[in-house]
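Please have the structure open as you read.

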Amino acid sequence: MTKRAINFSAGPAILPLSVLEEARRDLVDYQGTGMSVMEMSHRSPAYDEIHLGAVATLRRLLQAEDEHDILFLQGGASLQFSMVPMNLMFQARRADYVDTGAWSAKAIAEAGKVGEVRIAGSSREESYTRIPRQNELDLDPSADYIHITTNNTIYGTEWDYIPETGSVPLVADVSSDIMSKPIDMTRFGLIYAGAQKNLGPAGVSLVVIRKDVQDRAPKTIGSMLRYRTHAEKGSLYNTPACWAIYIVGLVARWVEGQGGLDSMQRANEEKAGFIYDILDQEAFYRGTARRESRSLMNIPFRLPTEELERRFVAEASAEGMTNLKGHRSVGGIRASIYNAMPRSGVETLVAFMQEFERKHG
Ligand SMILES: *Cc1c(COP(=O)(O)O)cnc(C)c1O
């Protein structure tokens, strides 16, 4: 039998085993075509079905209506840090950004190359341990858009509300919590995500963008950098990341098979709850995110000493639990428990945490 790691990586992250097995079954001969998905024309009927199927499944899951286009782009979430301002920061040449961590800061830096960025809220002074509340946001009603990062992968904080932005389009980096719970797409002008956290393999990013938001882009930017180019061609303007999109489609079908985003949320709340229950005892382990802002996807925590943290990571790894080391910028431990992390994986971690505390507490 194949030995699978209990993989707590923040990304690229664990995928559902059944998806990998299905991909393996169809790897060499995709459903009688005599070739793999990696080898077929992106203009072929077989690929067309894969591509349109993935879009349709995502549309159902996100309950995105016709006013939104679903795009598969490349360049990761990081290219979206640039594409968003290049396409949208065009009327006032000004946008509001909420600074909730390292990824927000990168998005802010890129937007600053295109126009004026206002920091409409920030938790930087509090080491990014929480999400600002609506009444702390200072929003400009004439901004071209407002940008938030719905889940802060490094700091383990997650927005528990959608900010009210009036008529200003809301743009969100949803890279690390897309499909972890239902999302009200009517509230967003644009969302984007690199696939490698909760959607599939690296190499493709998902963009869901309202049609009127696309119209804002100046014609002078490069074709590949314009959302409109990709929307008009159904993400087939150039060769898309066919294989990655195929896997995203399988993952989306898997989510549907689990009961959709409501079920995903229930499962994620339960899994995260097992770990937060331990952190809440505040004896040996200490969670770093504030209670009201904590993430269902990434759970960072500290042990009494860095020496104990090193032992924790090493001993967990020896028991098959990998990638528990916190991001190099913050240290400590981080358990990333995306959709595909089975409940049994979290139970194994929790049992290990209890045992580790008994030995060293
Ligand atoms: C991982 C991550 C990114 C970067 O994604 P790339 O696809 O590597 O560019 C951006 N934002 C958030 C919130 C992330 O978690």
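The largest cavity is lined by Ile 14, Leu 15, Pro 16, Lys 197, Asn 198, Leu 199, Gly 200, Val 251, Tyr 338, Asn 339 and Ala 340. The model is predicted, so local features need pLDDT of at least 70 and side-chain atom pairs count only at pLDDT 80 or more, while totals for chains, interfaces and linings use all residues. Residues are numbered from 1 along each chain as its sequence is written, and side-chain values use heavy atoms, with hydrogens and water left out.

What counts as a cavity here? On a 1 Å grid over the protein atoms alone, it is a set of points where a 1.4 Å probe fits but cannot get out, and lining residues have an atom within 4 Å of a point. Grid points are joined across faces, edges and corners, and a volume is the space filled by probe spheres set on the points. The largest cavity holds about 50 Å³. Its lining consists of seven nonpolar, three polar and one charged residues (Ala, Val, Leu, Ile, Met, Phe, Trp, Tyr, Cys and Pro are nonpolar, Asp, Glu, Lys and Arg charged, and the others, Gly among them, polar). Because domain 1 (18-257) and domain 2 (260-360) both give residues to this lining, the largest cavity lies between them; the domain bounds come from an automatic or database domain assignment.

In total there are three cavities of 30 Å³ or more.

Now to the ligand. An N or O atom in the side chain of Thr 153 is 2.4 Å from an oxygen atom of the ligand, and for the side chain of Gln 196 the distance is 2.9 Å.

Most residues other than glycine have a negative phi, and most peptide bonds are trans. Gly 11 and Pro 12 are joined by a cis peptide bond, with omega about -10°. Arg 93, not a glycine, has a positive phi of about 60° and sits in the loop between α3 and β3 (94-99).

Methods. On a 1 Å grid over the protein atoms alone, a cavity is a set of points where a 1.4 Å probe fits but cannot get out, and a pocket is an open set with protein on both sides within 12 Å along at least five of seven lines; lining residues have an atom within 4 Å of a point. A polar contact is a pair of N or O atoms within 3.5 Å; within protein, one must be able to donate a hydrogen and the other to accept it, and residues adjacent in sequence count only if both atoms are side-chain atoms. Helices (H or I, at least four residues) and strands (E, at least two) are DSSP runs, numbered from the N terminus.
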